[in-house]
Amino acid sequence: MMKGNTQYNLKANPVEVERNEWRKQERKKKARHLLTVASPLFLLALWEILSRTAAIDPRLFPPPTVIIQTFFEMLGDGELLSNIGISLLRVFGGFLLGSVAGIIVGLLMGMYVPVRFFVSPLIMALMPIPTLALLPVIIFIFGIGEWAKIVTIAGSVFFPVAINTMAGVVNIDQIHVDVAKNYGANSKDFFFKIALPGSTPVMLEGIQMGQAIALLTIVAAEMMGAHSGIGYLIWTKYKAFLLPQMYVGLVLISFFGYFFSLLVRGLKVKLTPWR
Amino acid sequence: MDYKISINHLTKVFPKKSGNVVALEDISLHVKDGEFVCLIGPSGCGKTTLLRILAGLEASSTGEFKIHQSDKKKPLQSMIFQEKGVIPWLSVEDNVAFGLKMRHLPKSYIKEQTHYYLEKVGLQKFARLYPKELSGGMKQRVSIARAFANDPEVLLMDEPFGALDEQNKFILQEELLSIWQETKKTVIFITHSIDEALLLSDRIVLMSSQPGQIVAEKNVRMERPRSIEQVRSDQNVADQFVEIWDHLQAEVQGARSSVK
């Protein structure tokens with residue numbers, strides 16, 4: 001290598017030079033991927049070492065290996081699995097209900113200007129209220145059963161999905177609307193060939209956001225008003241000062257968040273292959 | 001005499017805060033069946049507005065136009081848009097079939113017509129790809145195929161080659177001519193390139209800006225089929241170029257001095 005040498009090398013093979021450059025770029029790319037994978041592992045290792053050496057209080061921050069061990073112990077008695085199951089059910093139910101409602105309202109707002117002007121102020125006024133603060137009202141209406149929790153989650157998922165879906169429709173390039181009009185699309189064709197596919201990318205951004213909000217909401221809702229679920233588990237273990245068990249709950253939430261993000265990303269690739 | 005397109009006293013005004021902009025003033029134009037007409041003029045002269053009115057995308061303020069319908073089943077007009085007119089979430093094939101599908105024609109007919117024009121523009125191999133994988137020239141081929149496949153009474157083209165590099169432009173112009181020669185459609189074509197207008201059209205209509213008016217018309221005296229080489233080498237065509245250029249130059253200068 002002629003590092004820092006500006007001398008012309010006329011004998012070098014140009015293909016070879018470029019080939020080497022390309023290899024260097026590839027190595028850099030790999031190194032970046034490695035960093036992404038390594039960062040959570042690095043954090044866990046650091047945590048493990050600090051906790052084991054008592055640099056941080058191991059009673060407050062038990063080492064990750066202990067948390068993993070606790071996780072497997074808890075799996076044994078079936079209580080953990082049933083808590084995970086009930087939380088996932090609420091998350092899925094609420095997420096589905098909220099997204100479907102959000103997509104329908106968002107599409108209507110995007111396509112029909114009077115609907116947009118009528119509904120927009122309602123959304124602006126209702127969105128700042130945390131659905132959790134409405135939990136008592138929701139319980140009055142839906143009782144203390146599963147529906148109350150599902151509706152709470154649906155309520156928080158609805159807003160980002162509705163707003164993004166509307167934005168997706170409104171931001172469709174005018175020229176594509178003109179093409180549809182010029183070639184005589186009726187309103188049904190316009191909906192299925194232009195409005196729906198054209199708004200999908202931005203709509204999916206809203207769904208990505210809604211997915212994260214659903215998890216945030218479920219934990220808080222279960223801490224406040226439930227007798228099952230991961231949020232309830234975190235809360236009760238904290239109250240009993242069973243911190244490794246509490247951490248198991250926290251790690252599970254983090255894991256599901258990561259997993260759902262990947263799912264939505266996969267959905268994006270599947271639904272918008274044209275991007 | 002019966003015309004394919006009759007435009008009578010068309011005026012379009014855009015109200016603006018700072019006063020009204022007269023985009024088109026008293027435009028009258030008559031186009032014969034099978035005629036290829038180029039509208040040429042400085043930017044902002046309202047030529048796109050005129051085309052959008054004919055395309056049903058905008059309403060005129062006053063005046064009227066009529067496109068003669070020879071066959072009840074044919075759509076009146078189809079537009080070839082600028083480069084971004086290809087719909088990104090439809091495959092090449094579905095883009096070409098778009099007009100036919102919007103008219104809910106029989107599947108077999110749609111398939112046949114789509115294949116025919118995909119082959120005409122040399123895109124049959126790319127039928128299943130999305131537009132993102134195509135170059136600018138290929139996207140415009142999709143647009144051209146989509147309009148011809150729709151088999152309208154009249155074709156409207158809004159600077160379809162404006163965004164292309166020169167080589168691609170020449171190739172596409174000649175391809176367009178060869179497809180057009182086969183179908184003999186009536187065409188109104190917008191451009192600001194004099195070369196393009198001379199190569200393609202039977203008649204060139206010159207417009208002025210603000211107010212947008214028709215200031216002159218020129219018949220192009222050149223045998224068909226034509227080629228880009230002819231436009232560049234024929235003395236007769238060169239003279240016509242200079243004539244049109246003089247006109248446009250006066251127009252552009254006029255617009256500039258009136259603004260200041």
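Let me begin with S120(A), which counts as partly exposed because 13 C-beta neighbours lie inside 10 Å of it. The scale behind that word, with C-beta atoms placed from the backbone, calls a residue buried if 20 or more other C-beta atoms lie within 10 Å of its own, exposed if 12 or fewer do, and partly exposed in between. What we are looking at is a predicted model, in which local features need pLDDT of at least 70 and side-chain atom pairs count only at pLDDT 80 or more, while totals for chains, interfaces and linings use all residues. As for the names, residues are numbered from 1 along each chain as its sequence is written, and chains are lettered from A and ligands numbered from 1 in the order in which they are written.

S120(A) sits in helix α4 of chain A, which runs over residues 113–126; helices here are DSSP runs of H or I with at least four residues, strands are runs of E with at least two, and both are numbered from the N terminus. Between the C-alpha atoms of S120(A) and F256(A), which are 136 residues apart along the chain, the separation is 32 Å.

The model scores ipTM 0.93 and pTM 0.85.

Chain B is built from nine helices and nine strands. Its radius of gyration, at 19 Å, is close to the 18 Å that the globule rule gives for 260 residues, so chain B is as compact as a globular protein of that length; the radius is taken over C-alpha atoms, and the rule is 2.2 Å times the number of residues to the power 0.38. The C-alpha trace spans about 55 × 45 × 40 Å along its principal axes, and 43% of the 260 residues are buried. If we take contacts between residues at least 6 apart in sequence, 72% of them join residues at least 24 apart, a contact being two C-beta atoms, placed from the backbone, that lie within 7 Å.

Which order do the strands of the six-stranded open sheet in chain B follow? The order is β5-β6-β7-β3-β8-β9, with mixed pairing, where two strands pair if DSSP finds at least two bridges between them. At the edges are β5 (77–80) and β9 (213–219) of chain B, each of which pairs on one side only, and the twist averages 20° from one strand to the next. Strand β8(B), residues 203–208, pairs with β9(B) in the antiparallel sense over six bridges, and M207(B) has I214(B) in β9(B) as its bridge partner. Helix α1(B), residues 47–54, packs on this sheet, touching β3 (36–40), β5, β6 (154–158), β7 (186–191) and β8 of chain B, and its direction makes about 150° with that of β7(B). Such angles run from 0 to 180 degrees between N-to-C directions, with axes being lines fitted to C-alpha atoms, for helices over the stretch in contact. Helix α5(B), residues 136–149, also packs on the sheet, touching β5 and β6 of chain B at about 175° to the direction of β5(B).

K218(B) is the bridge partner of I204(B), and, not counting residues up to four places away in sequence, K218(B) touches R203(B), I204(B), Q240(B), E243(B) and I244(B). Is K218(B) buried or partly exposed? It counts as partly exposed, because it has 18 C-beta neighbours inside 10 Å. In the hairpin of β8(B) and β9(B), with four residues between the strands, Q210(B) takes a positive phi near 45°.

There is also an open sheet of three strands in chain B, antiparallel and in the order β2-β1-β4. Its edge strands are β2 (19–31) and β4 (62–67) of chain B, each pairing on one side only, and the twist averages 25° from one strand to the next. Helix α1(B) packs on this sheet as well, touching β1, β2 and β4 of chain B, with its direction at about 65° to that of β2(B).
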